[in-house]
Amino acid sequence: MEPLIKVENLWHIYPVGNVTALRDVSLNINRGELIGVIGQNGSGKTTLVKHFVGLLKPTRGKVYIDGEDTAPLKVQQLAAKVGYVYQNPNHQLFARTVKAELEFGPTNLGLPEDEVAERVEQAIEFFGLEDLRDLHPYRIGFPLRKLVGMASIYTMKPDIFILDEPTTGQDNITTRKVYHLIEKLRDEGATVLCVAHDMILLAEVVERMLVLRDSELIMDGTPRQVFSNHEVMASTHITPPQITILSLRLRKDQQTLDDVVLSVDEMIELTKQSNTGKK
Amino acid sequence: MQGIVIPITMVPGNSTIHRMNPLPKLLWTLGILALSFSTRNIAVLGVACLIGLLLVFYSGITKAYVRVAMILFPISLTLITLQSIAPAFPRPWTAIVGFGPFTIYQEGIYSGISLLLRIMAMTTWAMVTIMTSHPSDIFTSLKKIGMPYVLNFIFVMTLQLIPILQSEFGIVLNAQKSRAMKGSGFGAILPSMVPVFVGAIERVQQLSISLESRAFGSSGKKTSFRQVRMAFSDYVALFLGFLVPGAATYWVIVDKSLDWSHSMVFSPAFSITLVLGATIGFLVFVFFAIRAALSA
Amino acid sequence: MSDKKPIIEFRGVTFWYGGANDKPAIKNINLKIHEGEYVALLGLNGAGKTTLQLCINGVIPNSIMGEFEGEVIVYGNDTYDTPVREMAKFVGMVFDNPEFQLSQMSVAEEIALGMESLGFSYDEMTKTITEVLEIVGLRGLEDRSPFGLSGGQQQRLSIASALAMRPKILVMDEPTSNVDPIGKEEIFAVAEQLNREKNMTVIMAEHEVEVMAAYADIVVVMHEGEILLNGTPEEVFSNVDLIHKLGLRMPQVTEYAHRLNQLNLASIEKPYPVTLDSAVERFKDIL
């Protein structure tokens, strides 16, 4: 099967100061994958995903979305396929009502009015925004405003969602809601990339992680592989979830990949197994 | 968008002019401003312009100056085109040559050249001052001679805000483009401007709380961290800044023989070449500007 | 600690922002904080953490209008009739958006801004700038533009600007929510160092419970404007059911201890472990 996103030997060099932001990155992403992109600020992760939206063009190498070379495509042409949800919803929201905000994208795509209206209703239901429909986006609190930002991309029905730090600055309740929405998006068939520092999101929600450091893709693997790789963790200053470290420290001697625990639930399971083993 | 904006800020250096206190520089610039507005004499304005250019060269800011002048000069060329056919000068006008509905006037050419020189003289001197002084030093000096503290803060903040809002605008524009917004036209104004303004308001509100929490706005004696020294040479320059442009201004106002508007006679060939040259220069500039805007 | 006199005392404090808000942002807050304590404020967005923090230096009620009841006493000053700029000598504030706190052309000038307002001499200013930059680890960046720094550096600059007024209390409102992991580490390290080495009282609102459980002496849990829990991390995080009910997270190791008990997999006595090290010690034989 043709991968949905195909990156071949991608280099990006910013003309200002001649800064190399991406160095020879190659990867494939298949339809329906749920991926975390991690790395420090300046590691190149934002530069990478901006190529998928068409906001940046390769200096060298190729990026294909659904088999199509992105180099000649405009952002607006890619918008129907790739949706980019900004970290700060205030960078996207401008309309007088939530409903108008949600209509903006699909209207720009030139969809007929009834189709737009239908999509808006679907988005309102999907994100649970029923009570906010006629409110001004700036009058609602930050957590919900962030959901409106996501919903305003959802109405464009892209195949690929790129979520930039979907949970930063959010409390636990909203964070859990966002995890659930991300899973629901994937269940509807979307491919989701989360650029994130939120370790719980990465450990418990995503299935594959891309780790960038100093403009290079240094690791592409499952959260279990990434979080148990000490060298990668230390050099990228990433701290795995506390429960993962606990499991690693309690089982220093016999570590197989299955012993790497990603959530409290898994830790409980592991304890149960070890209890039966002892008996 | 960002590609077209050329910042007019300090060019680091260590020339005598860089090391000078900003106050005499500001005074000289003001003096040249006064002089330029007091005369239309091409020679006087030309000399002011020339000295300004020498200072540009001397202080090592030529490159930065040329970048600004490349925009300013072609735009100013329109003065020659417009003035030559419709002089801002008391009638009667002396016609030099006519073509079609247009007539080029003697007074127009004179007025066009002198306005062009006036603008170039003033901007050249102003750029020498701005490009050789740290903005903080300029503000500190102004504070010293009695500009209110808060007004000073507003100036500094505004200067800071311009590049910030510019980059915010870039982010917002990209955000909306990825929602399939067409990058230009009337429909793009609200979606790309509203978030920038809302962000700016939020920034200012948050900043004001933050500043107040740091005792900003206290009454009582204020001090200044940035120290701007006034050396002996600065006092001399300050004194000369009063004297020289002041005397020159007095001279150009009093000496009626400096009115060359009728004594200078332009030949038809010269006039046509000048006007055509200025017009073409401006159009070429417009052509490149539009191309740059479209590619950005 | 209870015999010492508190340096911050909230006595029955209620505040309404007014306008469209039908409920007060905080209600009937009674809270005592002692010198040198590291206090973590936990709660959902909208629980009243920011409002409570803004009361400490008197921005509420002096600059932000609303209906204010009760008293806040900080080092003997009633914030109600002490100007905020006076309070700056006791309380330094750091907010969540690093960039929105900066305004000057250079790092040094940013730090000097408050001192200029208070009429510090030039020598005092240069000395203080060096000193506070040393504390936050930004020496050498004096002439850089604040807007060219990374988020973590900007937050440390905000801390330095607050420290320049020589406050005794540092109030931080989700200081790490907009910075990357390295930045987070740096900010937490500076706060911890100030608390430990300079006996600075730190009051930090944060969502990172694992970090707070490790650093804080006192954890205060807020919900809908009220303080529901107030105690050591061990005491507070032992109230597992209440914390779950409020929709808050607790340290994963604490959650694990609680689940072990619930499922009868092991019998873990309260207080539950709240830090990684204590958990490793308690659970060393469990697997």
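This report describes a predicted model of a complex, moving from confidence to contacts, cores and backbone details.

**Confidence**

For the complex as a whole, the predictor gives an ipTM of 0.90 together with a pTM of 0.87. Chain C has a mean pLDDT of 93, and 98% of its residues reach 70 or more. Within chain C, the confidence is highest in strand E3 (residues 38–42), at a mean of 98, and lowest in helix H3 (residues 84–87), at 89.

**Where chain A meets chain B**

Between these two chains, 20 residues of chain A are in contact with 16 residues of chain B. On the side of chain A that touches chain B, helix H2 (75–78) and helix H3 (98–108) of chain A each supply at least two residues, and H3(A) gives the most, with three residues. Sorted by class, this side of chain A has 13 nonpolar and seven polar residues, and no charged residues.

**The two domains of chain A**

Chain A is divided into domain 1, spanning 5–229, and domain 2, spanning 241–279, and the C-alpha centres of these two domains of chain A lie 33 Å apart. Nine residues of domain 1 of chain A are in contact with seven residues of domain 2 of chain A. To the side of domain 1 that touches domain 2, helix H7 (199–204) and helix H8 (223–227) of chain A each supply at least two residues. By class, that side of domain 1 of chain A has five nonpolar, two polar and two charged residues.

**Nonpolar cores**

The largest nonpolar core has 184 residues, and those with the most contacts inside it are Ile162(A), Cys194(A), Val39(C), Leu41(C), Ala160(C) and Val220(C). Helix H5 (residues 142–154) of chain A gives the most to this core, with seven residues. Leaving aside its neighbours within four places in sequence, Leu41(C) is in contact with several residues, including Lys49(C), Leu52(C), Ile203(C), Val220(C) and Met222(C). Another core, of 37 residues, lies apart from the largest one, and among its residues are Tyr65(B), Ile113(B), Val128(B) and Phe266(B).

**Backbone details**

Most residues other than glycine have a negative phi, and most peptide bonds are trans.

| Cis peptide bond | Omega |
|---|---|
| Arg91(B) and Pro92(B) | about 5 degrees |
| Ile60(C) and Pro61(C) | about 5 degrees |

Positive phi values are found in two residues of chain C that are not glycine. Glu224(C) has a phi of about 45 degrees, and its place is in the loop between strand E9 (218–223) and strand E10 (226–231) of chain C. Because 16 other C-beta atoms lie within 10 Å of Glu224(C), this residue is partly exposed. Asn264(C) has a positive phi near 55 degrees, and its place is in the loop between helix H11 (252–262) and helix H12 (276–282) of chain C. Asn264(C) counts as exposed, because it has 7 C-beta neighbours inside 10 Å, and 12 or fewer such neighbours is the limit for that class.

Methods:
Residues numbered from 1 in each chain as written. Chains lettered and ligands numbered in written order. Predicted model: local features only at pLDDT ≥ 70, side-chain atom pairs only at ≥ 80, totals over all residues. Helix = DSSP H or I, 4+ residues; strand = E, 2+ residues; numbered from the N terminus. Nonpolar A, V, L, I, M, F, W, Y, C, P; charged D, E, K, R; others polar. pLDDT = per-residue confidence, 0-100. Core = buried A, V, L, I, M, F, W, Y, C linked by C-beta atoms within 7 Å. Buried ≥ 20, exposed ≤ 12 C-beta atoms within 10 Å, placed from the backbone. Domains from an automatic or database assignment.
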